[in-house]
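Subject: Structure for you to look at

Hello,

Please find the structure below, with my notes after it. Read them with the model open beside you.

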Amino acid sequence: MPGFELFGELEKNEVNDVLDNGVLMRYGFDGMRKGHWKAKELEAELQKTFKANHVQLVSSGTAAVSVALASAGIGAGDEVIMPTFTFVASFEAIMLLGAIPVLVDIDDTLGLNPEAIKAAITPKAKAVMVVQMCGSMANMDAIQNICNAHNLLLVEDACQAIGGTFKGKPLGSIGDLGCFSFDFVKTITCGEGGAVVTNNETYYTNSDHYSDHGHDHVGHDRGAETHPFLGYNFRISELHAAVGLAQVKRLPEFLNIQRRNLNILKEALAEIPEVTFRTVPEGGEESGAFLNFFMPDLDTARKVIDGFKTGGVDACWNYYDNSWHYIRKWDHLKNLKSLFPISKEVKEGLEYLQTKTFEKSDHFIGRNISCLIKLSWTEQEVKDRASKMAEIIKSVL
Ligand SMILES: *Cc1c(COP(=O)(O)O)cnc(C)c1O
């Protein structure tokens, strides 16, 4: 997945262009910047990539989730339904707004289970946030139907899935709002950065203002702008946007490499009857950021991971005991370890985390093995890796 594996001259040229001629901030300083607007250019490129009307760049993927939810008016006491398998950022971004993350089970797509969403809807539920983990997608048709029927906002955390599609639509452009990250380990990187994607003009305008202290960005004099509402600083810098601008132009090349590598690995493992793959919904195409497969049980999955470690197959994980990606080990969040007081409403709203168990999620995450797909591997290296993986898996069965 990581864009950081393949960067060089193009990225340097864009960054030097800013250092030599431009201004480091994305807004204002019109006279000094000699026509250099890297963040605006990157937003225009991303609009094409996502086939979306609006893209607002922000400082990170975590910021993108908070800004997206805020732009649609989600805040104190509102419930946001999200999956047990994600990255802690999804939870944090909801908490930042004083809203309540409602965690529910996943299914064999490794995304939100539509039945579990239905069971979690209360009068306080305002949004469903799907997380398109590891380059693929949840069952989007079913989830969209539920959101429509219950008047819930549909947000996609597509931070790990740039380039994936569902029925021809880019992931992140299917819901009301999509969120992307360009941190250092994502498919394309800015160093740090993120984006909010939407076709809704109001959400876009709100995102634009909210991520820059509420500035209305009307006219060319920052000092004279008005502030329709409270905002914060979630801006991206021109330097970060410059790196992203070089990277986004290479996205098709990155996706080709990822998918070639994924297919080679999948083909090799498909010959082992005990191995099954994550379900990709009909009409979906993975970005190829990760390979995900299931072993028959947790014990075998652990043995495979141990075998990979001793056999020199790197970048593969079983997330059952992982403290970044899966609810079981999120002790600091379950116990609400916070530097500052958390509202009574949120505390009460999160009490369920003390007792609720997620057997269905455990069933899939326990058996799952997730391997990062690197861009720097040659075709021969992937083939060698594929046969080594198959050999190790067979040896522990
Ligand atoms: C990376 C990631 C984020 C957060 O992105 P940052 O840019 O690191 O803040 C959010 N959600 C998911 C699923 C991610 O993988």
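Strands β2 (residues 79-83) and β3 (residues 100-104) run parallel and are joined by five bridges. Strands here are DSSP runs (E, at least two residues), as helices are (H or I, at least four), all numbered from the N terminus, and two strands count as paired if DSSP finds at least two bridges between them. This is a predicted model, so local features need pLDDT of at least 70 and side-chain atom pairs count only at pLDDT 80 or more, while totals for chains, interfaces and linings use all residues. Residues are numbered from 1 along each chain as its sequence is written, and side-chain values use heavy atoms, with hydrogens and water left out.

In that pair, Val80 stands opposite Pro101 of β3. Five of the five residues of β2 are buried, so the strand is largely enclosed by the rest of the structure. Buried means under 20% relative accessible area, exposed over 50%, and partly exposed in between (1.4 Å probe, protein chains only). Glu79, Ile81 and Pro83 point one way from β2, and Val80 and Met82 point the other way. In a regular strand the side chains alternate between the two faces of the sheet.

There is also an open sheet of four antiparallel strands, in the order β10-β12-β14-β13. β10 (276-277) and β13 (316-317) are the edge strands with a single partner each, so one side of each has no neighbour in the sheet. Helix α10 (residues 298-311) packs on this sheet and touches β12, β13 and β14 (368-372), at about 30° to the direction of β14. Such angles run from 0 to 180 degrees between N-to-C directions, with axes fitted to C-alpha atoms, for helices over the stretch in contact. Helix α14 (residues 359-367) lies across β12 and β14, at about 50° to β14.

Next, helix α2 (residues 38-50). At 1.5 Å a residue its 13 residues should span 18 Å, and the end C-alpha atoms are 18 Å apart, which agrees; the expected span is 1.5 Å times one less than the number of residues. Which residues of α2 are buried? They are Lys38, Ala39, Leu42, Glu43, Leu46 and Phe50. These cover an arc of only 135° around the axis, which puts them on the same side of α2; the arc is that of the directions from the helix axis to the C-beta atoms. The buried residues of α2 pack against several elements, including α1 (9-21), β1 (54-58) and α8. Lys51, which follows α2, has a positive phi near 45°.

Two further residues have positive phi without being glycine. Phe29, in the loop between α1 and α2, has phi near 55° and is partly exposed at 44%. Cys134, in the loop between β4 (125-131) and α6 (140-150), also has phi near 55°, but Cys134 is buried at 1% relative accessibility.

Last, Ser211 sits in the loop between α7 (201-210) and α8 (238-248). Is Ser211 buried or exposed? At 1% relative accessibility, Ser211 counts as buried. Beyond four places in sequence, its contacts (heavy atoms within 4.5 Å) include Gln56, Val58 and Tyr232. The side chain of Ser211 also reaches the backbone oxygen of Asp208 at 3.4 Å.

Regards

Methods: A polar contact is a pair of N or O atoms within 3.5 Å; within protein, one must be able to donate a hydrogen and the other to accept it, and residues adjacent in sequence count only if both atoms are side-chain atoms.
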